[in-house]
Amino acid sequence: MDTVSDNKCFSGRQGVYTHRSAATGTDMTFGLFLPAEAEDGPVPVLWYLSGLTCTHENAMVKAGAQVWAAEHGIALVFPDTSPRGEGVANDEAYDLGQGAGFYIDATETPWAPHFRMESYILRDLPDLLFAKFALDPDRQSITGHSMGGHGALTLAAKSPGRFRSVSAFAPICHPTASDWGRKQFEAYLGSVEAGAAHDATRLLRDGQLDAPLLIDTGTDDQFGDLLKTEALAEAVATRRMEATIRLQKGYDHSYFFVSTFMEDHVAFHAEQLWR
């Protein structure tokens, strides 16, 4: 692991690091905020998964999460959204290829050799983080925006008991029924139906999410038809699970929206992480 940058931030440290990933077979970059409490021992960790076209940097510099994480003594992990570099498959469209890993393990050519973001987030990067930094593996939560919200919901559903709480900003809720999902599942997995195992609405219907849930989506989100929030809300109601789904009047899909409600999300996770 190499340190790209390390800056003091709200009495803690905001670092950026690169490492060789066994999962993707590439060099990967991630951001990590450690609160001041990490100097005295392991702290809880909140994963933030970013959306389409983003890198590790977008949320790290735009979401305003560090101030609230510092207040609650929580670490923040900002992974990249896909493998990158020479020899990594790509596509001219913004919603496929580099920057659009969809947090799944691809099975199809040319994506399969490197596009293994599910394994990277659930196994490869945690192995490194918990070995190198003062983080508590028994106190983890996860959040994300858009494609990253999809990742937060589905990876939590696939890892029962791992994450104490789950939240999302404008997540892609029902990708097998959306143009943000069908295209990617056909490319990465060979069929839309293969994506059922990566569809938050279908996973919730099957009872595969057992953590408290918070979702915020703007009523003026320009991608609202692609998100399918109503499908997830119906699944939550059918399950009668512990969840809060809020439609925020006038907000869109941008980081202005994300930063507005970041304090709420960090506080929501802190309540679970410090129990």
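Tyrosine 48 and phenylalanine 78 are both buried (under 20% relative accessible area, with a 1.4 Å probe and protein chains only; exposed is over 50%, partly exposed in between). The model is predicted, so local features need pLDDT of at least 70 and side-chain atom pairs count only at pLDDT 80 or more, while totals for chains, interfaces and linings use all residues. Residues are numbered from 1 along each chain as its sequence is written, and side-chain values use heavy atoms, without hydrogens and water.

**Aromatic pairs**

The structure holds 11 aromatic pairs. Rings of Phe, Tyr and Trp (its six-membered ring) pair if their centres lie within 6.5 Å; planes under 30 degrees apart are stacked, over 60 edge-to-face, and the rest tilted. One of the pairs joins tyrosine 48 and phenylalanine 78, whose ring centres are 6.1 Å apart with planes at 50°, so this pair is tilted.

| Residue | Strand |
|---|---|
| Tyrosine 48 | S4 (residues 43-49) |
| Phenylalanine 78 | S5 (residues 75-79) |

The pair therefore ties together parts that are 30 residues apart in sequence. Strands (E, at least two residues) and helices (H or I, at least four) are DSSP runs numbered from the N terminus. Elsewhere, ring pairs link Phe169, Tyr251, Phe257 and Phe261 into a cluster.

**Helices H2 and H9**

The axes of H2 (residues 65-72) and H9 (residues 255-273) come within 9 Å and cross at roughly 30°; axes are lines fitted to C-alpha atoms over the stretch in contact, with angles from 0 to 180 degrees between N-to-C directions. H2 and H9 are therefore roughly parallel (under 35 degrees; over 145 is roughly antiparallel, 65 to 115 roughly perpendicular, the rest oblique). Ala65, Trp68, Ala69 and His72 of H2 meet Met262, Glu263, Val266, Ala267 and Ala270 of H9, contact being heavy atoms within 4.5 Å.
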